[in-house]
Protein chains: 2
Amino acid sequence: MRISIIGVGLLGGSFGMAVRKAGVADRVAGVDLDPVTLERARERGAIDEGFLDLAEGVAAADVVVLATPVRSILEMLPVLTPVLGRETILFDLGSTKEAIVCAAAGLAGITRYVGGHPMAGTEHSGIEHADDGLLRGATFALVPPPEVDDGAVDLLTDLVRRIGAHPVVISAERHDRIVSVTSHLPYLLSVVLALAAESMARGEDRLGAFTASGFRDTTRLAASNVRVMADICLTNRRPLLRAVEEARRLLDDLAAQIEQGNETELVRMLTRAKDGRASVSGERRTD
Amino acid sequence: MRISIIGVGLLGGSFGMAVRKAGVADRVAGVDLDPVTLERARERGAIDEGFLDLAEGVAAADVVVLATPVRSILEMLPVLTPVLGRETILFDLGSTKEAIVCAAAGLAGITRYVGGHPMAGTEHSGIEHADDGLLRGATFALVPPPEVDDGAVDLLTDLVRRIGAHPVVISAERHDRIVSVTSHLPYLLSVVLALAAESMARGEDRLGAFTASGFRDTTRLAASNVRVMADICLTNRRPLLRAVEEARRLLDDLAAQIEQGNETELVRMLTRAKDGRASVSGERRTD
């Protein structure tokens, strides 16, 4: 199988390393705007060959994988359509799915498109942080459009399994609603914490000394690539704003219990959070 | 030096291990309500001897360290006063300081009290998770009351240094204001995320599969000991409610930019968070 990856950063690079290591692809081509990135991707074993030209890079590919920020994917779809082979499967790794699936469905030239989203990443970005194990063990959403090509879904399901990830076929709407709570809201609250600390630090030179592992972990996502995250926020607007609304309601509720000194209700909410987190994450309770 | 530690859980146990390992104490006594905990603390090298009786446990101690949840410390102060030696230094490891420093200042029998707070911990609790390295490298707040005993502060500064932590002498008010933003607000937002996910998971069986490292890290603090955290929230009410107010304002601001599709302002805020987090945590920017 010949695979072309457009955008060989953290995710595209890790995907390339994984398919090459698993022996899924005979040849992996990389397309990127930056020749230095392409060279590093080749050196790091993410691709066999790099292309600056989109048409050249996707020529004769069985699967083309879009691994750029979400709005780059949206911009690239109409440019890609005329140069894509008739049998070529188009796949993407974008973090929000409804916008991309809708855009792909609206383009006459794209007949074999399936959306994808591996639930893996770090706050870092770029080919230097790519890792052939990043996707291993991760849930990998496969989002077929309404007019689904079963052959394409089957092929990608198999490919995802072979790189050690867990395929989950899911609708775009359901995917976007879930990740608004498990991924995008955590990012926004992480940003809120970092902004609150940054604001206090301007008048308080001791603040840095009073940050420990709890602060580092809860603000880690705020260190994510801004372009990638802005695209996510702006293409998953409605589910994310509903999640923010729910967060605001919960925060107000917690603040009210603290203000009123309502210990019973406060303890009930904190316990529900602790138990809920354990059951959602499937972790054992430790105390 | 003879040290008595009241409450040999995660923090008291780790403190005992650290002072014994550093050779700071000739003898470490542990006082706890639970004989099994005392036995495990002895086995794990946190204490030399365990006591169920408070008066026996603190007899002849040079330093008594209160290492229980904040409101237990507040309840214990008047009970401890009559049994404390005249020269004994009273120290505590409670996470909020103003309530404890005020309470200690109001008790005639306590003449050599200094508050303490090591910026270290995990979401786990109990002697099984104690670790002689937990406090190493951590900022260790020393909070002298208005009527300060310089000898006591000097002795504790030296002790803190000898176990590898960094003493920072700071007022109770300033300490509580800083940690409301660097520690207590992160906990509350972590609770909010866990509650939002728990609530969605009730009607969405796929949610668990869509949690990755970002969700785990941002909700880790929600797994903290509920009793410890409720005490913190209820004894640091005013600074914490101010921090919540600021968080709400920032979240509303982010939501407004997303709702209006104001990319420029959204990117500005996300960038300020990313850079602010890096400068507050003293971490290098990676991309």
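Contact means heavy atoms within 4.5 Å. By that rule, 100% of the interface residues of chain B are also interface residues in chain A, so the copies meet through the same surface. On chain B, 95 residues are in contact with 95 residues of chain A.

This is a predicted model: local features need pLDDT of at least 70, side-chain atom pairs count only at pLDDT 80 or more, and totals for chains, interfaces and linings use all residues. Residues are numbered from 1 along each chain as its sequence is written, chains are lettered from A and ligands numbered from 1 in the order in which they are written, and side-chain values use heavy atoms, with hydrogens and water left out.

Now the symmetry. Copies are superposed by least squares on the C-alpha atoms of residues with pLDDT of at least 70 in both. A rotation of 180 degrees, with 0.0 Å of shift along its axis, superposes chain B on chain A (RMSD 0.0 Å). That is the relation of a two-fold axis. Of the residues of chain B, B:Thr218 comes closest to this axis, at 2.2 Å (C-alpha).

Next, the make-up of the interface. The side of chain B that touches chain A sorts by class as follows.

| Class (members) | Residues on the chain B side |
|---|---|
| Nonpolar (Ala, Val, Leu, Ile, Met, Phe, Trp, Tyr, Cys, Pro) | 50 residues |
| Polar (the others, Gly among them) | 22 residues |

Salt bridges (a side-chain nitrogen of Lys or Arg within 4 Å of a carboxyl oxygen of Asp or Glu) number 14 between chain B and chain A. One of them joins A:Glu204 and B:Arg177, with the closest N and O atoms 3.8 Å apart.
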